[in-house]
Amino acid sequence: MKRLISYALILILALLMSSCSILKNNINSEQTYLSVEIFQTLSRTEALAHTTGWDFKVVKVVTSEDTYYDGKSLSGTFVLVDTYTYETKDERIKTVPVYRRKSELR
């Protein structure tokens, strides 16, 4: 009976640990190909950009390896890392996704 309980506890512990590791691996796994044009530089390494193409969604892009400026175009695989909330000129509050190039993540 003790052996059966020990095996059951080991099985439950193994299932719990594997579930945690799967959840941890999915936290920053949302990646996508983006082609964007910066329309407002927030700092040397942060900017708001329109995705190019027909959808014109706004995203924030951040970098640790590049310099951003208005009008700069970027494309490649990006990873969702956060959200950013800001107030528009007409005093509306907007929240947009924040992306970083996949190549910059270590």
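The structure is a predicted model, in which local features need pLDDT of at least 70, side-chain atom pairs count only at pLDDT 80 or more, and totals for chains, interfaces and linings use all residues. Residues are numbered from 1 along each chain as its sequence is written, and side-chain values use heavy atoms, with hydrogens and water left out.

Confidence is given as pLDDT, the predictor's confidence in each residue on a scale from 0 to 100. The chain has a mean pLDDT of 83. A value of 70 or more is reached by 77% of its residues. Residues 19-27 fall below 50. Beyond near neighbours in sequence, this stretch has zero contacts in the model. Contact here means heavy atoms within 4.5 Å.

The chain contains one helix and five strands. Both are DSSP runs numbered from the N terminus, with helices (H or I) of at least four residues and strands (E) of at least two. The order of elements from the N terminus is α-β-β-β-β-β. Among contacts with a separation of 6 or more, 46% involve residues 24 or more positions apart. Of the 106 residues, 23% count as buried. Buried means under 20% relative accessible area, exposed means over 50%, and partly exposed lies in between (1.4 Å probe, protein chains only).

The five strands close into a barrel. Their order is E1-E2-E3-E5-E4, with mixed pairing. Two strands pair if DSSP finds at least two bridges between them. From one strand to the next, the twist averages 45°. Angles of this kind run from 0 to 180 degrees between N-to-C directions, with axes taken as lines fitted to C-alpha atoms.

E1 (residues 31-43) and E4 (residues 73-87) run antiparallel and are joined by seven bridges. Leu34 has Gly76 of E4 as its bridge partner. E2 and E3 also run antiparallel, with five bridges between them. Glu46 is bridged to Val62 in E3. The hairpin of E2 and E3 has six residues between the strands. Within this hairpin, Gly53 takes a positive phi near 115°. E3 and E5 run parallel and share three bridges. Val62 stands opposite Arg100 in E5.

Eleven residues form the largest nonpolar core: Leu34, Val36, Ile38, Ala47, Ala49, Val59, Val61, Tyr68, Leu74, Phe78 and Tyr99. Such a core is a set of buried Ala, Val, Leu, Ile, Met, Phe, Trp, Tyr and Cys residues joined through side-chain atoms within 4.5 Å. At least two core residues come from each of E1, E2 (46-51), E3 and E4. E1 supplies the largest share, three residues. Ala49 belongs to this core. Leaving aside neighbours within four places in sequence, Ala49 contacts Val36, Glu37, Ile38, Phe39, Lys57, Val58 and Val59.

Tyr68, another member of the core, sits in the loop between E3 (58-62) and E4. Tyr68 counts as buried because its relative accessibility is 3%. Residues up to four places away in sequence excluded, Tyr68 touches several residues, including Ile38, Thr41, Ser43, Arg44, Val61 and Leu74. The C-alpha atoms of Tyr68 and Leu42 are separated by 8.8 Å, although these residues lie 26 apart along the chain.

Four of the five residues of E3 are buried, so E3 is largely enclosed by the rest of the structure. Lys60 is found in this strand. Lys60 is buried, with a relative accessible area of 7%. Not counting residues up to four places away in sequence, the contacts of Lys60 are Leu42, Glu46, Ala47, Leu48, Tyr84, Val96, Pro97, Val98 and Tyr99.

The loop between E4 and E5 (93-101) holds Thr88. Thr88 counts as buried, at 18% relative accessibility. Its side chain makes a polar contact of 2.3 Å with the side chain of Asp90. A polar contact is a pair of N or O atoms within 3.5 Å; within protein, one must be able to donate a hydrogen and the other to accept it, and residues adjacent in sequence count only if both atoms are side-chain atoms. Glu91 lies in the loop between E4 and E5. Glu91 is exposed, with a relative accessible area of 63%. Most residues other than glycine have a negative phi. The phi of Glu91 is positive, near 65°.
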